[in-house]
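Here is a short briefing on a structure that may be new to you. Look at the sequence and the model first, then read on.

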Amino acid sequence: MSTTAVWAVVIVTGVATLALKAAGPLLLGGRPLPERVTGLVTLLGPALLAALVAIGTFADGQRLVIDARVLGVGVAAVAIRLRAPVLLVVVLAAAVTAGARALNG
Amino acid sequence: MSEGPQERSYRHGARAALPLAVAVFGFGLSFGVLAPAAGMSGAAAIVMSITTFAGSAQFAAASVLGAGGAAATAILAAVMLNARYLPIGVTVAPWLEGSVWTRLLHAHLMVDESWAVAAEGSGRFNPRVLLAAGASIWTAWVLGTIGGVVFGNVIGDPNRLGLDAAFPALFLALLAPQVRDRGSGAFRGLSLRGRLPLAAALLGAAIALVLTPFTPAGVPIVAAGAACLLGLRREPATS
(Lines give C-alpha, C1' and ligand atoms only; values in the text may rest on other atoms or scores of the structure.)
Protein backbone atom coordinates (compact mmCIF):
# COMPACT_ATOMS: atom_id res chain seq x y z
CA MET A 1 0.00 0.00 0.00
CA SER A 2 1.59 3.26 -1.11
CA THR A 3 2.03 6.20 1.25
CA THR A 4 -0.09 8.37 -1.04
CA ALA A 5 -2.97 5.92 -0.97
CA VAL A 6 -2.85 5.69 2.83
CA TRP A 7 -2.96 9.48 3.22
CA ALA A 8 -5.75 9.69 0.65
CA VAL A 9 -7.75 7.28 2.80
CA VAL A 10 -6.99 9.28 5.96
CA ILE A 11 -7.92 12.65 4.45
CA VAL A 12 -10.99 11.63 2.45
CA THR A 13 -12.36 9.49 5.29
CA GLY A 14 -11.83 12.34 7.77
CA VAL A 15 -13.60 14.90 5.58
CA ALA A 16 -16.44 12.52 4.69
CA THR A 17 -16.96 11.53 8.33
CA LEU A 18 -17.15 15.14 9.49
CA ALA A 19 -19.56 15.88 6.63
CA LEU A 20 -21.82 13.00 7.74
CA LYS A 21 -21.69 14.06 11.39
CA ALA A 22 -22.19 17.78 10.69
CA ALA A 23 -24.82 17.56 7.95
CA GLY A 24 -27.71 17.37 10.40
CA PRO A 25 -26.52 20.07 12.81
CA LEU A 26 -25.47 22.45 10.00
CA LEU A 27 -28.07 21.96 7.28
CA LEU A 28 -31.26 20.31 8.39
CA GLY A 29 -31.98 22.47 11.40
CA GLY A 30 -33.59 19.55 13.23
CA ARG A 31 -35.90 18.35 10.51
CA PRO A 32 -35.89 14.55 10.89
CA LEU A 33 -35.11 12.31 7.92
CA PRO A 34 -38.00 10.38 6.41
CA GLU A 35 -38.48 7.33 8.60
CA ARG A 36 -37.89 4.97 5.67
CA VAL A 37 -34.43 6.43 5.05
CA THR A 38 -33.53 6.39 8.74
CA GLY A 39 -34.48 2.73 8.90
CA LEU A 40 -32.12 1.85 6.05
CA VAL A 41 -29.19 3.87 7.32
CA THR A 42 -29.52 2.50 10.84
CA LEU A 43 -29.35 -1.09 9.54
CA LEU A 44 -26.03 -0.33 7.84
CA GLY A 45 -24.21 -0.51 11.18
CA PRO A 46 -25.24 -4.08 12.06
CA ALA A 47 -24.81 -5.28 8.46
CA LEU A 48 -21.29 -3.88 8.05
CA LEU A 49 -20.07 -4.74 11.54
CA ALA A 50 -21.25 -8.34 11.11
CA ALA A 51 -19.46 -8.51 7.76
CA LEU A 52 -16.27 -7.30 9.46
CA VAL A 53 -16.64 -9.92 12.19
CA ALA A 54 -17.13 -12.68 9.60
CA ILE A 55 -14.21 -11.60 7.41
CA GLY A 56 -11.90 -10.89 10.34
CA THR A 57 -12.62 -14.35 11.73
CA PHE A 58 -12.61 -16.52 8.60
CA ALA A 59 -10.86 -14.72 5.73
CA ASP A 60 -7.18 -15.17 4.93
CA GLY A 61 -6.78 -12.98 1.87
CA GLN A 62 -9.38 -14.37 -0.51
CA ARG A 63 -9.50 -17.79 1.14
CA LEU A 64 -11.88 -18.80 3.90
CA VAL A 65 -10.09 -20.71 6.67
CA ILE A 66 -10.73 -21.96 10.17
CA ASP A 67 -7.78 -21.21 12.42
CA ALA A 68 -6.92 -20.00 15.92
CA ARG A 69 -8.90 -16.79 15.40
CA VAL A 70 -12.17 -18.76 15.56
CA LEU A 71 -11.34 -19.81 19.14
CA GLY A 72 -10.47 -16.27 20.15
CA VAL A 73 -13.60 -14.74 18.65
CA GLY A 74 -15.71 -17.58 20.09
CA VAL A 75 -14.44 -16.83 23.60
CA ALA A 76 -15.08 -13.13 22.91
CA ALA A 77 -18.68 -13.93 21.97
CA VAL A 78 -19.18 -15.74 25.29
CA ALA A 79 -17.63 -12.82 27.18
CA ILE A 80 -19.92 -10.35 25.37
CA ARG A 81 -22.88 -12.55 26.22
CA LEU A 82 -21.83 -12.30 29.89
CA ARG A 83 -21.67 -8.49 29.51
CA ALA A 84 -17.92 -8.36 30.05
CA PRO A 85 -16.31 -4.94 29.49
CA VAL A 86 -15.25 -4.39 25.89
CA LEU A 87 -11.62 -4.09 26.86
CA LEU A 88 -11.69 -7.52 28.52
CA VAL A 89 -13.44 -8.97 25.46
CA VAL A 90 -10.72 -7.75 23.13
CA VAL A 91 -7.90 -8.87 25.46
CA LEU A 92 -9.47 -12.33 25.85
CA ALA A 93 -9.80 -12.76 22.08
CA ALA A 94 -6.15 -11.86 21.55
CA ALA A 95 -4.90 -13.98 24.47
CA VAL A 96 -6.86 -17.10 23.49
CA THR A 97 -5.76 -16.79 19.85
CA ALA A 98 -2.13 -16.26 20.84
CA GLY A 99 -2.33 -19.21 23.26
CA ALA A 100 -3.80 -21.51 20.61
CA ARG A 101 -1.04 -20.52 18.18
CA ALA A 102 1.67 -21.11 20.78
CA LEU A 103 0.27 -24.59 21.59
CA ASN A 104 0.08 -25.36 17.89
CA GLY A 105 3.78 -24.61 17.55
CA MET B 1 -18.33 26.40 45.79
CA SER B 2 -21.49 27.21 43.87
CA GLU B 3 -21.97 25.50 40.60
CA GLY B 4 -24.41 26.47 37.87
CA PRO B 5 -26.34 24.01 35.73
CA GLN B 6 -23.86 24.47 32.88
CA GLU B 7 -20.86 23.42 34.97
CA ARG B 8 -22.90 20.56 36.37
CA SER B 9 -23.66 19.35 32.83
CA TYR B 10 -20.00 19.44 31.80
CA ARG B 11 -19.03 17.64 35.00
CA HIS B 12 -21.76 15.04 34.54
CA GLY B 13 -20.67 14.42 30.95
CA ALA B 14 -17.03 13.96 31.88
CA ARG B 15 -17.90 11.65 34.78
CA ALA B 16 -20.33 9.52 32.76
CA ALA B 17 -17.78 9.16 29.99
CA LEU B 18 -14.93 8.02 32.26
CA PRO B 19 -15.44 4.21 32.07
CA LEU B 20 -16.10 4.55 28.34
CA ALA B 21 -12.94 6.60 27.94
CA VAL B 22 -10.91 3.82 29.60
CA ALA B 23 -12.27 1.26 27.13
CA VAL B 24 -11.81 3.67 24.23
CA PHE B 25 -8.18 4.19 25.34
CA GLY B 26 -7.81 0.42 24.95
CA PHE B 27 -9.35 0.56 21.45
CA GLY B 28 -6.97 3.39 20.64
CA LEU B 29 -4.04 1.24 21.77
CA SER B 30 -5.24 -1.60 19.50
CA PHE B 31 -5.71 0.78 16.59
CA GLY B 32 -2.25 2.24 17.17
CA VAL B 33 -0.82 -1.29 17.08
CA LEU B 34 -2.99 -2.75 14.31
CA ALA B 35 -3.08 0.13 11.81
CA PRO B 36 0.69 0.18 11.25
CA ALA B 37 0.58 -3.62 11.06
CA ALA B 38 -1.99 -3.18 8.28
CA GLY B 39 0.35 -0.93 6.32
CA MET B 40 -0.51 2.54 7.63
CA SER B 41 2.29 4.70 8.99
CA GLY B 42 2.11 5.63 12.67
CA ALA B 43 1.62 9.28 11.71
CA ALA B 44 -1.28 8.39 9.41
CA ALA B 45 -2.89 6.34 12.19
CA ILE B 46 -2.60 9.21 14.69
CA VAL B 47 -3.87 11.85 12.24
CA MET B 48 -6.78 9.58 11.39
CA SER B 49 -7.69 9.23 15.07
CA ILE B 50 -7.55 13.02 15.51
CA THR B 51 -9.61 13.84 12.41
CA THR B 52 -11.92 10.89 11.69
CA PHE B 53 -12.55 9.91 15.34
CA ALA B 54 -14.80 6.94 14.55
CA GLY B 55 -13.42 3.65 15.81
CA SER B 56 -15.16 1.03 13.71
CA ALA B 57 -14.68 2.98 10.47
CA GLN B 58 -10.97 3.45 11.18
CA PHE B 59 -10.51 -0.26 11.92
CA ALA B 60 -12.47 -1.06 8.77
CA ALA B 61 -10.33 1.20 6.58
CA ALA B 62 -7.16 -0.22 8.11
CA SER B 63 -8.27 -3.83 7.66
CA VAL B 64 -9.21 -3.22 4.01
CA LEU B 65 -5.77 -1.69 3.40
CA GLY B 66 -4.12 -4.51 5.35
CA ALA B 67 -5.90 -7.07 3.18
CA GLY B 68 -4.53 -5.35 0.06
CA GLY B 69 -7.74 -3.55 -0.87
CA ALA B 70 -7.80 -0.36 -2.94
CA ALA B 71 -7.90 3.08 -1.29
CA ALA B 72 -11.36 3.75 -2.74
CA THR B 73 -12.65 0.50 -1.23
CA ALA B 74 -11.21 1.41 2.18
CA ILE B 75 -12.83 4.86 2.01
CA LEU B 76 -16.16 3.42 0.89
CA ALA B 77 -16.19 0.86 3.71
CA ALA B 78 -15.37 3.55 6.30
CA VAL B 79 -17.94 5.98 4.92
CA MET B 80 -20.65 3.31 4.87
CA LEU B 81 -19.84 2.41 8.47
CA ASN B 82 -20.17 6.07 9.40
CA ALA B 83 -23.42 6.59 7.49
CA ARG B 84 -25.28 6.15 10.79
CA TYR B 85 -23.89 9.52 11.91
CA LEU B 86 -26.22 11.22 9.46
CA PRO B 87 -29.41 10.29 11.36
CA ILE B 88 -27.57 10.53 14.69
CA GLY B 89 -26.60 14.09 13.78
CA VAL B 90 -30.19 14.89 12.92
CA THR B 91 -31.37 13.70 16.35
CA VAL B 92 -28.91 16.05 18.06
CA ALA B 93 -29.40 19.01 15.71
CA PRO B 94 -32.36 20.67 17.49
CA TRP B 95 -30.29 20.98 20.70
CA LEU B 96 -27.20 22.50 19.10
CA GLU B 97 -27.03 26.27 18.99
CA GLY B 98 -24.37 28.83 18.27
CA SER B 99 -21.99 29.51 15.42
CA VAL B 100 -21.08 27.17 12.60
CA TRP B 101 -17.77 26.43 14.36
CA THR B 102 -19.47 25.54 17.64
CA ARG B 103 -21.81 23.18 15.87
CA LEU B 104 -18.93 21.65 13.88
CA LEU B 105 -17.06 21.01 17.14
CA HIS B 106 -20.09 19.30 18.68
CA ALA B 107 -20.58 17.27 15.50
CA HIS B 108 -16.94 16.15 15.50
CA LEU B 109 -17.10 15.05 19.15
CA MET B 110 -20.35 13.17 18.50
CA VAL B 111 -19.65 9.44 18.55
CA ASP B 112 -21.84 6.56 19.62
CA GLU B 113 -20.69 6.80 23.25
CA SER B 114 -20.97 10.56 23.76
CA TRP B 115 -24.32 10.56 21.95
CA ALA B 116 -25.65 7.88 24.30
CA VAL B 117 -24.39 9.70 27.41
CA ALA B 118 -25.90 13.02 26.25
CA ALA B 119 -29.37 11.54 25.71
CA GLU B 120 -31.85 12.65 28.33
CA GLY B 121 -34.77 10.57 27.06
CA SER B 122 -37.78 11.50 24.93
CA GLY B 123 -35.48 12.71 22.18
CA ARG B 124 -33.82 15.38 24.34
CA PHE B 125 -30.06 15.82 24.18
CA ASN B 126 -27.78 17.89 26.41
CA PRO B 127 -25.16 19.58 24.22
CA ARG B 128 -22.86 20.31 27.21
CA VAL B 129 -22.84 16.66 28.25
CA LEU B 130 -22.17 15.76 24.62
CA LEU B 131 -19.24 18.17 24.50
CA ALA B 132 -17.66 17.06 27.79
CA ALA B 133 -18.15 13.33 27.16
CA GLY B 134 -17.02 13.65 23.55
CA ALA B 135 -13.90 15.56 24.54
CA SER B 136 -12.83 12.94 27.11
CA ILE B 137 -13.49 10.08 24.71
CA TRP B 138 -11.64 11.87 21.90
CA THR B 139 -8.65 12.50 24.19
CA ALA B 140 -8.59 8.84 25.25
CA TRP B 141 -8.84 7.69 21.62
CA VAL B 142 -5.99 9.91 20.42
CA LEU B 143 -3.71 9.18 23.42
CA GLY B 144 -4.43 5.46 23.03
CA THR B 145 -3.53 5.57 19.35
CA ILE B 146 -0.25 7.36 20.10
CA GLY B 147 0.50 4.81 22.84
CA GLY B 148 -0.28 1.95 20.49
CA VAL B 149 1.94 3.33 17.75
CA VAL B 150 4.86 3.65 20.20
CA PHE B 151 4.08 0.42 22.06
CA GLY B 152 3.54 -1.48 18.81
CA ASN B 153 7.14 -1.01 17.77
CA VAL B 154 8.21 -2.69 21.01
CA ILE B 155 5.92 -5.70 20.83
CA GLY B 156 6.46 -6.48 17.14
CA ASP B 157 4.19 -8.81 15.17
CA PRO B 158 0.62 -8.29 16.43
CA ASN B 159 -0.47 -11.67 15.03
CA ARG B 160 1.87 -13.44 17.44
CA LEU B 161 -0.12 -11.78 20.22
CA GLY B 162 -3.42 -12.69 18.61
CA LEU B 163 -4.18 -9.07 17.78
CA ASP B 164 -5.62 -10.09 14.39
CA ALA B 165 -8.41 -11.79 16.37
CA ALA B 166 -8.85 -8.58 18.38
CA PHE B 167 -10.27 -6.95 15.22
CA PRO B 168 -13.31 -9.22 14.81
CA ALA B 169 -13.79 -9.44 18.60
CA LEU B 170 -13.91 -5.65 18.79
CA PHE B 171 -16.44 -5.46 15.95
CA LEU B 172 -18.51 -8.14 17.66
CA ALA B 173 -18.49 -6.07 20.85
CA LEU B 174 -19.60 -3.00 18.88
CA LEU B 175 -22.21 -5.05 17.05
CA ALA B 176 -23.80 -6.66 20.12
CA PRO B 177 -25.57 -3.56 21.48
CA GLN B 178 -26.84 -2.74 17.98
CA VAL B 179 -28.67 -6.06 17.61
CA ARG B 180 -29.97 -6.22 21.17
CA ASP B 181 -33.45 -4.89 21.74
CA ARG B 182 -33.06 -1.45 23.19
CA GLY B 183 -36.46 0.09 22.90
CA SER B 184 -36.17 2.35 25.91
CA GLY B 185 -34.25 5.25 27.38
CA ALA B 186 -31.46 6.83 25.45
CA PHE B 187 -32.06 5.02 22.21
CA ARG B 188 -35.81 5.32 21.94
CA GLY B 189 -35.73 7.72 19.02
CA LEU B 190 -33.59 5.55 16.77
CA SER B 191 -34.43 2.13 18.08
CA LEU B 192 -35.54 -0.34 15.46
CA ARG B 193 -38.37 -2.55 16.41
CA GLY B 194 -38.03 -6.31 16.51
CA ARG B 195 -35.20 -8.37 15.10
CA LEU B 196 -34.46 -6.35 11.98
CA PRO B 197 -30.92 -5.37 13.07
CA LEU B 198 -30.08 -9.00 13.86
CA ALA B 199 -31.43 -10.10 10.47
CA ALA B 200 -29.36 -7.39 8.75
CA ALA B 201 -26.27 -8.52 10.67
CA LEU B 202 -26.70 -12.19 9.71
CA LEU B 203 -27.41 -11.31 6.07
CA GLY B 204 -24.44 -8.94 5.98
CA ALA B 205 -22.10 -11.64 7.34
CA ALA B 206 -23.44 -14.16 4.82
CA ILE B 207 -22.99 -11.77 1.88
CA ALA B 208 -19.42 -11.01 2.99
CA LEU B 209 -18.40 -14.65 3.36
CA VAL B 210 -19.99 -15.70 0.05
CA LEU B 211 -18.23 -12.91 -1.87
CA THR B 212 -14.79 -13.24 -0.22
CA PRO B 213 -13.34 -15.88 -2.59
CA PHE B 214 -14.59 -14.09 -5.70
CA THR B 215 -14.02 -10.36 -5.19
CA PRO B 216 -11.13 -8.02 -4.31
CA ALA B 217 -10.53 -7.37 -0.62
CA GLY B 218 -12.93 -4.85 0.88
CA VAL B 219 -15.66 -5.37 -1.70
CA PRO B 220 -17.45 -8.04 0.40
CA ILE B 221 -17.66 -5.60 3.33
CA VAL B 222 -19.17 -2.85 1.21
CA ALA B 223 -21.53 -5.27 -0.54
CA ALA B 224 -22.74 -6.47 2.85
CA GLY B 225 -24.18 -2.99 3.28
CA ALA B 226 -26.92 -4.08 0.86
CA ALA B 227 -28.36 -6.05 3.77
CA CYS B 228 -29.77 -2.76 5.04
CA LEU B 229 -32.36 -3.02 2.24
CA LEU B 230 -34.18 -5.31 4.69
CA GLY B 231 -35.34 -2.00 6.13
CA LEU B 232 -37.52 -1.48 3.05
CA ARG B 233 -39.73 -4.23 4.37
CA ARG B 234 -41.36 -1.91 6.87
CA GLU B 235 -43.59 -3.19 9.55
CA PRO B 236 -46.86 -1.31 9.95
CA ALA B 237 -46.21 2.16 11.23
CA THR B 238 -46.53 2.44 15.00
CA SER B 239 -47.38 6.00 15.74
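**Where two helices cross**

Helix α3(A) passes helix α9(B) in a right-handed crossing. A crossing is right-handed if the near helix is turned clockwise from the far one by less than a right angle, and left-handed if anticlockwise. Helices (H or I, at least four residues) and strands (E, at least two) are DSSP runs, numbered from the N terminus.

This is a predicted model: local features need pLDDT of at least 70, side-chain atom pairs count only at pLDDT 80 or more, and totals for chains, interfaces and linings use all residues. Residues are numbered from 1 along each chain as its sequence is written, while chains are lettered from A and ligands numbered from 1 in the order in which they are written.

**The α3(A)–α9(B) pair**

- The two helices pack at an angle of about 30°, with their axes 9 Å apart. Axes are lines fitted to C-alpha atoms, for helices over the stretch in contact, and angles run from 0 to 180 degrees between N-to-C directions.
- α3(A) is therefore roughly parallel to α9(B). Angles under 35 degrees count as roughly parallel, over 145 as roughly antiparallel, 65 to 115 as roughly perpendicular and the rest as oblique.
- On α3(A), the contact includes Arg69(A), Val73(A) and Ile80(A). On α9(B), Asp164(B), Pro168(B) and Leu172(B) are among the residues that take part. Two residues are in contact if their C-beta atoms, placed from the backbone, lie within 7 Å.
- By class, this contact has 10 nonpolar, 1 polar and 2 charged residues. Ala, Val, Leu, Ile, Met, Phe, Trp, Tyr, Cys and Pro count as nonpolar, Asp, Glu, Lys and Arg as charged, and the others, Gly among them, as polar.

**The contact between the chains**

- Chain B puts 89 residues into the contact, and chain A puts in 71 residues.
- Helix α9 (residues 163-179) of chain B gives the most to the side of chain B that touches chain A, with 16 residues.
- That side of chain B divides into 66 nonpolar, 18 polar and 5 charged residues.

**Helix α9(B) itself**

- Of its 17 residues, 15 are buried, so α9(B) is mostly covered. A residue is buried if 20 or more other C-beta atoms lie within 10 Å of its own, exposed if 12 or fewer, and partly exposed in between; C-beta atoms are placed from the backbone.
- At 1.5 Å a residue, α9(B) should span 24 Å, and its end C-alpha atoms are 25 Å apart, which agrees. The expected span is 1.5 Å times one less than the number of residues.

**Chain A**

- Chain A has 4 helices and 2 strands, in the order α-α-β-β-α-α along the sequence.
- Buried residues make up 48% of its 105 residues.
- Helix α3 (residues 68-81) and helix α4 (residues 86-103) of chain A pack at an angle of about 150°, with their axes 8 Å apart. That makes α3(A) roughly antiparallel to α4(A).
- α3(A) passes α4(A) in a right-handed crossing.
- The contact of α3(A) with α4(A) divides into 14 nonpolar, 2 polar and 2 charged residues.

**Two loop residues with positive phi**

- Arg83(A) lies in the loop between α3 and α4 of chain A. Its phi is positive, about 60°, although Arg83(A) is not a glycine. Arg83(A) is exposed, with 8 other C-beta atoms within 10 Å.
- Phe53(B) sits in the loop between α2 (42-51) and α3 (55-66) of chain B. Phi of Phe53(B) is near 45°, a positive value in a residue other than glycine. Phe53(B) counts as buried, with 22 C-beta neighbours inside 10 Å.
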